[in-house]
Amino acid sequence: MILDLLVQGAQMILVLALAPLLLGFTRTVKSRLLRRRGPPVTQVYRDLLRLVRKEAVLADDASWLFRNAPYAIFSATWVAAALVPTFATGLHFSWAADLIVVTALLGSSRFFLALAGMDVGTAFGGIGSSREMLFSTLAEPAMIMIVFVVALVAGSTQLSEIAVFMVDHATLRVSLGLALIALIIVALAENARIPVDNPATHLELTMVHEAMILEYSGRHLAVIELAAALKLLLYMSLIGCIFVPWGMARPSSGFLPLVIGVATYVVKLAAGGFLLVLFETSIAKMRVFRAPEFLGSALMLGFLGTLLLFVSRSF
Amino acid sequence: MPIAWVLVAVAALFAIAALAPMTLSRRRAEAGTLIYGACAAACTLILVIALAALLGAVDAGGTLVLPLGLPWLGARFRIDALAAVFLVLVDLGGVAASLYAIGYGRHESAPGRVLPFYPAFLAGMNLVVVAADAFSFLVAWEFMSLTSWAMVMAHHHDAENRRAGYVYLVMASFGTLSLLLAFGLLAGAQGDYAFAAMRGAAHADWVAGTVLGLMLLGAGSKAGLVPLHVWLPLAHPAAPSHVSALMSGVMTKVAIYGFVRVVFDLAGPPAWWWSVVVLTLGSITAVLGVLHAVMQRDLKRLLAYSTVENVGIVFIGLGLALAFKANAMAGPAALALTAALFHAFNHSLFKSILFFGAGAVLTATGKRDIEALGGLIRRMPHVAYAFLGGCLAIAALPPLNGFVSEWMILQAILLSPALPQWGLKFLVPAAGAMLAFAAALAGACFVRAFGITFLGRPRSPEAAGAQDGDRWSTGVMKTLLGLCLVVGILPNFVIDALHPVSDLLVGGAMPAQSLLPHLSIVPISESRSSYSGLLVFLFILISTRLAIRVIHDFASRRVRRAPAWDCGWPDPNPATQYTADSFAQPLRRVFGPMAFRSRIEATMPPPGDPSPARLVLSLRDLVWDTFYAPIAGIVLAIAEKLNHLQFLTIRSYLSLVFAALVGLLLMVAVWA
Amino acid sequence: MMDLIAALPVVPLQTLLVIPAIAAVVLALVPAYRIGARLNVIASGLTFLAALTLLVHRPPGDSGGYLFVDDLNIVFVVLGTFVGFTTSSFSASYIGHEIEIGRLTPLHLRFYHGMYQALSFAMNLGLLADNIGLMWVAIELATLTTVLMVGIYRTHDALEAAWKYFILGSVGIALALFGTILVYMAARPVIGEGHDAMVWTALVAHAHAFSPELLNVAFVFLMLGYGTKVGLAPLHAWLPDAHAEGPTPISAVLSGLLLNVALYALLRFKMLLAANPLAVAPGPLMVTLGLISLIFAAFMLYLRRDIKRLFAYSSIEHMGIIAFAFGMGGPLANFAGLLHMTMHSLTKSAIFFAVGQITQVKGTQRIADIRGLTESHPVLGWGLVVGVAAIAGLPPLGIFTSEFLLVTSTFARQPLLALPLVFGMVIAFGALLMRLSGIAFGKPSPSITQTHRISVLPLLVHLALVFAAGLWLPGPLVAWFQNVARMLG
Amino acid sequence: MDRFALDAAHMLAGGMVLVSFMLLYQNRMFGLLNVYALHAVVLSLSVAWQAHVQDAPHLWVTATIAVVLKAIVIPVALRRMVIRLGVHRTIETVGGIGPTMLMGIGLVALSMVVMLHAAADADPIAREDLALALSVILLGLLMMVTRHNAVSQIVGFMSLENGLILAATGARGMPLVVEISIAFSVLVAFIVIGVFLFRIRERFDSVDTQAIDDYRGGRE
């Protein structure tokens with residue numbers, strides 16, 4: 001019991017600690033791939049600290065919503081991230097919420113982000129929010145379809161259960177393959193990565209996520225950035241926990257498995273980050289109105305997978 | 001006997017309605033307060049009784065027969081579990097609306113056209129729910145339509161409202177006639193109109209099937225099922241806001257009650273294809289409704305369309321329940337049904353909040369067009385706060401209640417691979433996708449609604465000079481919001497309260513929820529899925545506080561106000577903000593062509609010409625174009641044709657008679 | 001209570017005829033129109049009271065076989081005399097205004113009142129007649145009197161309406177008479193020559209032995225002859241104009257009474273045919289004509305521009321529904337038919353009371369020129385709204401009950417017949433509501449006079465009755481109707 | 001009843017049918033009125049014959065009424081009116097004389113079929129009379145339908161009444177009330193028609209109902 005609580009707490013701290021690192025890692029690797037030296041891996045931590053120390057500049061007509069949104073965004077994301085098994089399954093609170101809830105939590109953080117974007121009443125904020133919501137209208141159903149596939153295979157929407165199931169009867173399924181691709185697409189879109197959005201851009205008309213947080217500064221910006229980093233980590237660990245669940249520690253199984261679990265988890269993250277960067281450097285960003293088709297394909301894949309499972313359980 | 005007390009309260013409501021005119025003539029000032037207060041009291045009484053009946057505190061069994069209505073049958077009234085649930089729903093909405101109206105009603109321009117009908121409307125809805133024979137059911141049903149119609153016509157100088165009222169009442173009576181036919185079938189040639197008798201009788205398959213179809217026409221048209229929804233976005237906004245709230249939040253649920261009562265209770269065991277029909281209609285309704293909602297500029301009409309969406313979601317749940325029931329899978333059926341009813345309840349909560357908010361905005365600014373609003377969060381913080389909560393709830397975001405019911409429906413969908421029929425195997429996942437799609441769109445819709453209305457800078461002087469809602473309205477809205485939260489984090493008790501209903505209707509129930517560890521809900525089994533709203537809520541609460549504390553301890557507290565940066569091009573003119581239409585533009589661009597046959601004509605002046613460019617956007621309601629416009633056209637065309645008969649000469653009239661005579665004589669000659 | 005009733009004097013049937021007959025003569029002589037109006041009210045009231053006593057004491061029919069009462073015609077008599085009474089009190093205030101604006105002269109009014117009583121005499125005679133020849137005479141008399149009253153304004157349109165009414169009416173007369181002769185021919189071989197062969201009670205007793213073919217032909221003629229009076233399409237042509245052009249009280253009488261009397265005659269002969277096993281069932285014929293009238297009238301409602309003509313067409317529609325109900329037969333449908341007929345008489349006359357004042361205060365019959373009544377004249381306006389709601393079959397008003405019974409029972413027995421019925425009802429509802437929302441709502445149109453208080457009373461009384469009937473039907477009445485329904489088979 | 005009585009009744013009734021055809025054939029106003037008088041005469045003859053055969057004295061009354069009123073008074077009155085109102089003397093018909101005659105023949109056939117079949121068991125004389133009477137009625141109605149102007153329509157109506165009387169008298173022992181009612185109704189009918197013609201004359205110069213119908217353009 002106590003151990004479980006500790007593990008749970010440890011996980012929450014861990015994700016919080018690792019998130020900026022993952023982000024920094026991807027940036028560094030990216031610049032290396034682009035033959036640049038790039039910032040050190042810990043650069044993101046420094047940025048956050050600097051932002052936190054700066055004073056926060058609020059637009060004249062920013063409301064209370066504008067000031068509180070960052071915390072709402074952050075906490076929703078954090079809770080979601082804390083609910084995804086990373087290095088150990090059967091977390092103490094895992095049954096408090098399942099994959100659908102995780103999706104919905106991310107949804108609420110997006111909701112607040114979009115509102116925050118509109119609060120000051122600038123054109124760019126509006127652009128960002130409306131495009132973000134457009135993407136979400138496709139990404140969320142796709143996510144639900146993915147949930148369907150996984151849940152139908154594993155007979156549960158509980159992430160821990162799913163992970164255990166995957167380890168125990170690891171089988172190759174067409175549907176799972178489709179789901180994986182769909183999930184990757186969704187993850188790219190949700191984290192504002194190329195080809196849907198460019199995290200590094202400041203060419204206003206093309207940006208989505210950046211446009212919404214344009215008016216933020218100081219600690220508020222820091223919190224939002226951290227939330228973004230968490231989100232990236234969350235999707236990584238989600239893919240990890242569903243599709244490569246090996247090496248996770250089983251509930252209340254001594255200390256060594258936990259260590260192994262953490263180690264494998266870090267390795268997974270590194271691999272994931274590397275693949276992401278590889279993918280990003282190898283393709284170009286697409287026009288905003290190509291993105292719906294991109295996401296639509298994810299929805300279609302997920303739906304196809306579900307259909308296959310419904311029609312016959314052998315796929 | 002509780003039913004007796006309910007009827008007493010209803011009678012009291014009628015009495016209030018009857019006394020309203022003289023109260024108005026006497027003490028005009030306090031009339032509203034008096035009447036709405038009295039209504040609130042009466043509804044509270046019924047609410048208490050219903051809750052007691054539902055939780056088994058009092059024995060609600062037994063039918064009360066009054067010597068009214070059909071003389072040889074009498075008017076029969078009864079409270080069973082289903083009725084109790086919907087009584088709670090109706091009167092919760094009733095109490096809220098009445099209390100809200102105590103404040104809101106002061107701004108009513110034509111109280112004389114609202115006050116007498118409002119109590120009668122409440123009474124009608126209550127009677128529909130407790131009626132236990134076809135006649136009193138239909139009388140109450142149509143009376144409900146009639147009184148609400150009268151309130152839709154309250155502001156009758158506006159031609160739009162008159163049109164709305166017309167479409168509304170015609171659709172309503174069409175629906176009533178289909179219900180009439182349905183009950184005719186159920187009652188049989190002997191005309192046994194008591195529900196008990198219908199329940200007992202065995203109905204042939206074609207009879208039951210026809211009844212389902214007729215119910216979809218009758219109850220569906222009142223609930224706003226596509227393609228019978230057209231009246232709803234016209235009529236609901238036209239009424240005064242507290243009435244709109246009742247119509248959208250409660251009356252549609254009464255329609256759903258009618259559907260459930262007949263299809264699940266009276267029509268006998270369902271065939272599996274019923275669920276195909278219901279699921280299809282439900283999914284289409286959900287998606288089309290919310291797609292329309294995203295495009296609306298009129299705040300109340302937007303809310304009305306979102307009502308259509310939620311009705312669709314409820315019908316998806318009902319369809320699943322039918323599918324499971326037809327295949328004798330009691331557990332899943334119970335889950336689906338519970339989810340559907342739960343969502344109906346939730347919707348009545350947050351839709352009331354939203355309409356109340358819309359009403360407050362309307363009174364504060366006199367505007368329903370959100371393009372003319374903006375920045376109200378600073379002028380009307382309380383209303384904005386409650387409205388935001390309503391938006392979160394209706395967008396199905398945890399930890400609020402909207403999420404729980406939709407989560408349960410998704411869980412029910414995940415159980416459906418066990419269904420044997422192929423048609424369902426294909427249809428159910430599609431319905432699931434539609435549901436998720438609708439939910440996501442709802443998110444976009446309400447970000448837009450709240451963002452444009454309350455955030456940003458005021459787009460009109462009225463919006464700039466808005467005042468916050470009065471104490472009554474904001475109080476009611478916040479209370480309802482609190483209710484949404486409580487129901488969202490402690491759904492267990494609601495689910496257990498719905499236990500007897502699923503027992504009654506599908507012969508099974510979900511596992512008892514109240515006593516699970518950490519108050520989580522488990523639809524089927526712990527290993528499958530579970531959700532603990534309480535824990536999630538605490539999680540979020542703690543982590544938020546934690547984050548704030550940490551930040552405020554380690555970060556600088558300094559804040560500087562400055563003009564917006566806006567990439568260095570700040571422009572104080574509110575017109576430079578993103579508008580509602582531009583917010584919807586990406587969605588319109590993606591879904592518009594197929595959903596609305598949307599067309600955009602942009603006329604650019606030649607370069608160097610300073611005259612403004614114009615952009616004309618046209619959206620069509622395809623349902624109206626494909627069904628209603630032609631019907632109206634045909635009717636008028638026939639009328640035109642026949643109208644010539646008005647202008648014939650006497651001789652031609654005589655020849656009509658002559659022809660009839662000769663024709664009949666020929667007939668006789670041939671027969672005899 | 002009972003002994004009190006027992007204490008009531010037995011009123012011989014003749015009084016129902018004598019009172020109006022005398023009154024007719026007197027009123028034709030009284031020069032002062034105010035007194036005339038009062039006398040008219042009093043006479044009608046007395047007739048109504050006399051009719052009421054029939055409910056408790058049923059005097060035997062006279063020996064000669066000319067008059068008789070049974071459950072069926074008592075219903076019609078009481079209803080008819082009541083509407084006649086309320087209408088007379090409405091007309092009292094109506095004509096006052098007509099005199100003021102000079103559309104009528106006192107001389108006209110002597111004629112008018114005389115005719116009014118003559119009409120009620122004729123109708124009572126028709127209802128109480130035991131002899132089908134006598135019934136025929138009475139109904140023709142009623143027609144002729146109404147013809148004269150329709151033409152009373154002597155405007156071009158009025159004369160033309162009356163002329164049309166007269167020509168079509170007399171053709172109807174002829175056909176009905178031929179039918180009557182045929183019935184006699186059918187009866188003669190069985191009952192023997194002479195008077196008895198035309199006595200209703202005797203006819204029904206021996207109907208089973210009559211030659212069925214002859215009865216069929218007879219019913220064809222009677223259906224067309226009396227159907228013309230009922231206003232069934234395609235024989236309806238006289239009805240809208242007669243309603244629109246005559247004085248409004250007469251429109252009320254026409255819709256509320258005369259149509260019923262003709263319908264009563266039809267029912268009598270339907271019973272005769274029903275009593276003969278070999279004759280073709282009259283049901284299908286009535287159902288067909290009923291549906292034609294219903295749907296036809298429903299469509300005609302849309303393009304009406306004259307408010308009285310509008311409601312005249314709605315009378316055709318409802319006569320169609322009633323004919324349909326009786327055509328369907330069976331306890332439920334017949335009950336529904338009787339109830340519908342009663343409610344329609346009350347409601348439609350109430351509507352015409354309202355319309356009469358509306359046309360007076362607005363000074364026009366054009367629907368387009370009448371707007372926003374609920375605002376300018378709340379009582380009239382809401383009265384009209386309730387009336388139209390009732391006529392459109394909305395609860396909790398009487399007609400809903402009958403339509404409920406009719407539609408449900410029909411759909412259970414003959415689903416395919418119920419569909420056109422419902423179709424017609426929806427179409428008609430759409431039209432009525434469209435007109436109503438124009439008349440009762442919106443910005444008020446200018447009005448020329450204020451409404452006179454007194455004449456609102458009959459309207460309210462009728463509406464109250466209709467409303468009460470929608471919620472609660474007294475047990476005795478129901479027993480009575482069920483009894484009659486059984487009689488009608 | 002002997003053969004001769006039967007044949008005579010037939011002859012007269014058939015004669016009425018024939019005269020009805022003559023009415024249909026007429027296209028001159030005065031000719032029409034004359035033929036109508038003839039129609040009434042034949043009617044009265046037949047009624048008289050029935051009175052003789054059935055030795056029903058009250059039928060003599062009917063016969064005399066027929067002669068006096070229908071054969072003399074009414075035609076004369078109508079002739080006056082035609083002259084005074086200057087109704088143009090030719091009768092324009094709907095669809096020509098020929099087709100009308102054909103239709104008439106069809107109607108006669110129809111009535112024969114209907115009545116002979118229906119009244120199979122009624123005694124022969126009554127049966128034949130009914131058949132012929134029905135044809136007279138239908139022909140009268142046909143005339144009202146196929147004639148444009150009021151006078152000929154009235155004539156058609158009255159020939160229809162004649163058919164009724166024929167039928168009524170044909171029905172043995174039909175109570176007195178009926179004749180009275182017929183006479184009464186015809187009387188009233190005529191009076192009212194007269195009144196109407198008079199009033200209508202006040203308003204416009206022709207009693208052509210066509211004109212009335214033209215007048216009502218655009219009221220609705």
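What percentage of the 489 residues in chain C are buried? The legend to Figure 1 gives the answer for this predicted model.

Figure 1. Buried residues account for 66% of the 489 residues of chain C. Chain C is built with 20 helices and zero strands. Its radius of gyration is 21 Å, close to the 23 Å given by the globule rule for 489 residues, so chain C is as compact as a globular protein of that length. Along the principal axes, the C-alpha atoms of chain C fill a box of roughly 65 × 55 × 50 Å. Of the contacts in chain C with a separation of 6 or more, 81% are between residues 24 or more positions apart.

**Figure 2. The contact between chain A and chain B.** Four pairs of chains touch, and the pair with the most contacts is chains A and B. Here 75 residues of chain A are in contact with 74 residues of chain B. On the chain A side, the elements that give two or more residues are α2 (43-53), β1 (56-59), α3 (64-83), α4 (99-119), α5 (123-154), α9 (218-243) and α11 (291-311) of chain A. The most comes from α5(A), which gives 18 residues. By residue class, the side of chain A that touches chain B has 45 nonpolar, 16 polar and 14 charged residues. Chain A has no contact with chain C, and the closest C-alpha atoms of these two chains lie 40 Å apart. Chain A and chain D do not touch either, with 56 Å between their nearest C-alpha atoms.

**Figure 3. Packing of helix α13 against helix α19 within chain B.** Two packed helices are described by the angle between their axes and the distance between the axes. The axes of α13 (residues 330-365) and α19 (residues 471-489) of chain B come within 9 Å and cross at roughly 155°. That angle makes α13(B) roughly antiparallel to α19(B), because angles over 145 degrees count as such. The crossing is left-handed. From α13(B), the residues in the contact are Asn346(B), Leu349(B), Phe350(B), Ser352(B), Ile353(B), Phe356(B), Gly357(B) and Ala360(B). They meet Ser473(B), Val476(B), Met477(B), Leu480(B), Leu481(B), Leu483(B), Cys484(B) and Val487(B) in α19(B). The residues of this contact divide into 12 nonpolar and four polar, with no charged residue.

**Figure 4. Helix α6 of chain B crossing helix α17 of chain C.** This view shows a helix pair from two chains. The axes of α6 (residues 159-187) of chain B and α17 (residues 398-413) of chain C come within 8 Å and cross at roughly 55°. The two helices are therefore oblique to each other. Their crossing is right-handed. Leu177(B), Leu180(B), Leu181(B), Phe183(B), Gly184(B), Leu185(B) and Ala187(B) are the residues of α6(B) in the contact. Their partners in α17(C) are Phe404(C), Val407(C), Thr408(C), Ser409(C), Phe411(C) and Ala412(C). The contact of α6(B) with α17(C) has 10 nonpolar residues, three polar and no charged.

**Figure 5. The surroundings of Ala150(B).** Ala150(B) is in helix α5 (residues 134-152) of chain B. Ala150(B) counts as buried because 25 C-beta neighbours lie inside 10 Å, and 20 or more are needed. Leu281(B) is 131 residues from Ala150(B) along the chain, and the C-alpha atoms of the two are separated by 30 Å.

Definitions and conventions: Residues are numbered from 1 along each chain as its sequence is written. Chains are lettered from A and ligands numbered from 1 in the order in which they are written. This is a predicted model: local features need pLDDT of at least 70, side-chain atom pairs count only at pLDDT 80 or more; totals for chains, interfaces and linings use all residues. Axes are lines fitted to C-alpha atoms, for helices over the stretch in contact, and angles run from 0 to 180 degrees between N-to-C directions. Helices (H or I, at least four residues) and strands (E, at least two) are DSSP runs, numbered from the N terminus. Angles under 35 degrees count as roughly parallel, over 145 as roughly antiparallel, 65 to 115 as roughly perpendicular and the rest as oblique. A crossing is left-handed if the near helix is turned anticlockwise from the far one by less than a right angle, and right-handed if clockwise. Two residues are in contact if their C-beta atoms, placed from the backbone, lie within 7 Å. Ala, Val, Leu, Ile, Met, Phe, Trp, Tyr, Cys and Pro count as nonpolar, Asp, Glu, Lys and Arg as charged, and the others, Gly among them, as polar. The radius of gyration is taken over C-alpha atoms; the globule rule is 2.2 Å times the number of residues to the power 0.38. A residue is buried if 20 or more other C-beta atoms lie within 10 Å of its own, exposed if 12 or fewer, and partly exposed in between; C-beta atoms are placed from the backbone.
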